[in-house]
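Me: I'm new to this one. Can you walk me through what holds it together, starting with charges and then the nonpolar parts?

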Amino acid sequence: MIRDGDAVAFKLLYLRYFSKLCKSGFQKIQNEKIVEEIVQDIFFDLWRKRQELDANQEIAAFLNALLRNKILHEWRANSIRTKHVALYSQLNNSIIDESLSEMHSAREIQEKLAIAISNLSPQCRQAFELSRYEDLSYREISERMAISVKTVEKHIGKALKILKLQFKEHNIGQNTPKNRSDPSRHIYIALQTDE
């Protein structure tokens, strides 16, 4: 009768087996909400595929087989979810640790650069800062400092030489950083010779 689309027969079947299937499912999965969703899916699939039902098949055995398959599917899906959550958590923690380490390294590098620049002679420091931090040309620096362009070149050249020597021992600023977030990138840029 269900095979022919008899909604009343389907409702009677639902009322007769829903609680039994839930009870059986709960023995395997101790989550009432998930078990009820599984059993609802079973009846939904049963109604949707009712024309494919075998009239000779025992309905209780058929429903229990569907329940067993759905539970196995839920276990596999839950196992995959658990693995993905663990992997995501591990990856997320790794990224956070790496980011904190990079931030700490960047802060240390910035502090070392600031100390190194502060140890330059006053005119050398001023010329370097105007060139690197205010992005002024040598001519603009010479006008602002009231010195010749040649003297500006000497001050910046001296500053670069001193800073490169100080950072060479830390191997910072020597090679072009491949990653834009590399903490030594701004040191590398600051220490490039003007051309």
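What follows is a short chat about salt bridges and nonpolar cores.

Me: Before we start, what kind of model is this?
Reply: This is a predicted model.

Me: OK, charges. How many salt bridges are there?
Reply: The count comes to five salt bridges.

Me: What about K70, how far apart are the closest N and O atoms of D45 and K70?
Reply: They are 2.8 Å apart, and D45 forms a salt bridge with K70. This pair links distant parts of the chain. D45 is in helix α2, while K70 is in helix α3, residues 59-118. The two are 25 residues apart.

Me: Why is K70 called partly exposed?
Reply: Because its relative accessible area is 24%, and partly exposed runs between under 20% for buried and over 50% for exposed.

Me: Next one. Which residue does R144 pair with?
Reply: R144 forms a salt bridge with E134. Their closest N and O atoms are 2.7 Å apart.

Me: Where do R144 and E134 lie?
Reply: R144 is in helix α5, residues 138-145. E134 is in the loop between α4 (122-132) and α5. So the pair ties together parts that are 10 residues apart in sequence. R144 is partly exposed, with a relative accessible area of 48%. E134 is also partly exposed, at 44%.

Me: Which residues do shared partners join into one network?
Reply: D45, R48 and K70. Salt bridges that share partners join them.

Me: Switching topic. In the largest nonpolar core, which residues touch the most other members?
Reply: V39 and F43 do. That core has 20 residues.

Me: Which helices each supply at least two residues of this core?
Reply: α1 (7-28), α2 and α3 each do. The largest share comes from α1, with seven residues.

Me: Back to F43. What does F43 touch, not counting residues up to four places away in sequence?
Reply: F43 touches F10, L13, Y14, Y17, F18 and L21.

How values were computed. Residues numbered from 1 in each chain as written. Predicted model: local features only at pLDDT ≥ 70, side-chain atom pairs only at ≥ 80, totals over all residues. Heavy atoms only, no water. Salt bridge = Lys/Arg side-chain N within 4 Å of Asp/Glu carboxyl O. Helix = DSSP H or I, 4+ residues; strand = E, 2+ residues; numbered from the N terminus. Buried < 20%, exposed > 50% of the residue type's maximum accessible area, 1.4 Å probe, protein only. Core = buried A, V, L, I, M, F, W, Y, C linked by side-chain atoms within 4.5 Å. Contact = heavy atoms within 4.5 Å.
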